[in-house]
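Let's take a walk through this protein model, one stop at a time. Keep the sequence and the 3D view open while you read.

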Amino acid sequence: MKNYKVGIIGATGMVGQRFACLLENHPWFTVTCLAASARSAGKTYGEAMDGRWLLPVPMPESLKDMVILDASHIEEVASQVDFVFCAVNMKKDEIRSLEEAYAKAECPVVSNNSAHRFTPDVPMVVPEINAEHINIIPSQRKRLGTKRGFVAVKSNCSLQSYVPAIHPLKELGVNKVLACTYQAISGAGKTFETWPDMVDNLIPYIGGEEEKSEKEPLKIWGEIKDGEIVLTDDISITSQCLRVPVSDGHTAAVFMSFKDSASKPSVDEIIKIWESYKGRAQELELPSAPKQFLHYFTEPDHPWLTESRTLENGMAISVGRLREDTQYDYKFVCMSHNTLRGAAGGAVLLAELLCAEGYMD
């Protein structure tokens, strides 16, 4: 695999910081450009992040003296990279315009933002679940008038805590899901130091999160038709999303039913399916892919968030407590690391998929 020059747009935010750390020793990608808003442009990364570094690991030494560019100077940024990761904090219409401008400058964009998730010809991909959706890119390029540029996005972070466990069971007839998510404060770009109100507290509302949790899986499980990704209608999802006093890691309490409850798989059959499941990321042995996507814990009080969120470098999904339910067919608990698998790490894995399948060349 060739080495790709990459940029981070929105490098000063929490997800941008995660990108910086994840890409520090990446075997395929080398960061050659950092970009952010005009107020950070012209400063070195070290200067801009003085007192603003939010992660428990140090800033990569190789990036400290890199001068931040203005993200709105698209040609300047695009000329220095093969593609960019985007994690900006802007209004959605501004993000859509910015990302399409980079794509039209023939600079592919792998986005952590939600602005393009429901653009019909923009793939929203979890590489272990719907890798084939990247095949929509030629249709998007045709619309944009580009030869190389495009936008691809990762899904909402909360989905990673339960959609991966539902996916291998869909072909067995799962058609109804209730998911309650308990989401870490880093999902809001916060730490306990910057958000003291979250200490010993729970907030039962995260704006827009429930709508994303209910609708985005329908695109992930959709199919490509006539140059668009059409949402599936064979499953219904309802959710509640709560912010909880946890630094990192989203947990979900999940309830599911099958179309034909009389012929539903057994607990042992479901666990076997989970433990043996492999997706395209594992087939290609992508650098950031977990060796085992879904890990099932048999202990009645597991998985523990503090032990499981960093499983396989934070890229695996932990599952436990599968049992029959009185209202649904089954219930279980899932968890994932929201800023690794759910954000920057998921985007890096998507970029690896796009490179391995030839879309960055």
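Let's begin with Lys5, whose bridge partner in strand β2 is Thr30. A quick word on the names: helices (H or I, at least four residues) and strands (E, at least two) are DSSP runs, numbered from the N terminus.

This is a predicted model, where local features need pLDDT of at least 70, side-chain atom pairs count only at pLDDT 80 or more, and totals for chains, interfaces and linings use all residues. Residues are numbered from 1 along each chain as its sequence is written, and side-chain values use heavy atoms, with hydrogens and water left out.

## The neighbours of β1

Which strands does β1 pair with in the parallel sense? One is β2 (residues 29–36), over six bridges, and another is β4 (residues 83–86), over four bridges. Two strands pair if DSSP finds at least two bridges between them. On the β4 side, Ile8 stands opposite Phe85.

Is β1 mostly covered or uncovered? Strand β1 (residues 4–9) is mostly covered, with five of its six residues buried. Buried means under 20% relative accessible area, exposed is over 50%, and partly exposed is in between (1.4 Å probe, protein chains only).

## Two helices that cross

Two packed helices are described by the angle between their axes and the distance between the axes. For α1 and helix α11 (residues 340–356), the axes come within 9 Å and cross at roughly 50°. That's why α1 counts as oblique to α11. The axes are lines fitted to C-alpha atoms, for helices over the stretch in contact, and angles run from 0 to 180 degrees between N-to-C directions. Angles under 35 degrees count as roughly parallel, over 145 as roughly antiparallel, 65 to 115 as roughly perpendicular and the rest as oblique.

Who makes the contact (heavy atoms within 4.5 Å)? From α1 come Val15, Arg18, Phe19 and Leu22, while α11 brings Leu340, Ala343, Ala344, Gly345, Ala347 and Val348.

## A six-stranded sheet

Next stop: an open sheet of six strands with mixed pairing, in the order β10-β7-β11-β14-β13-β12. β10 (236–243) and β12 are at the edges with a single partner strand each, so one side of each has no neighbour in the sheet. From one strand to the next, the twist averages 20°.

Inside the sheet, strands β7 (residues 174–183) and β11 (residues 250–258) run antiparallel, joined by eight bridges. Lys176 stands opposite Ser257 of β11. Helix α7 (residues 209–220) packs on the sheet and touches β7 and β10, and its direction makes about 145° with that of β10.

The peptide bond from His302 to Pro303 is cis, with omega near 10°.

Neither is glycine, yet phi is positive in both: near 50° for Glu312 and near 60° for Asn313. Glu312 counts as partly exposed because its relative accessibility is 23%, while Asn313, at 69%, counts as exposed.

Note on methods:
Contact = heavy atoms within 4.5 Å.
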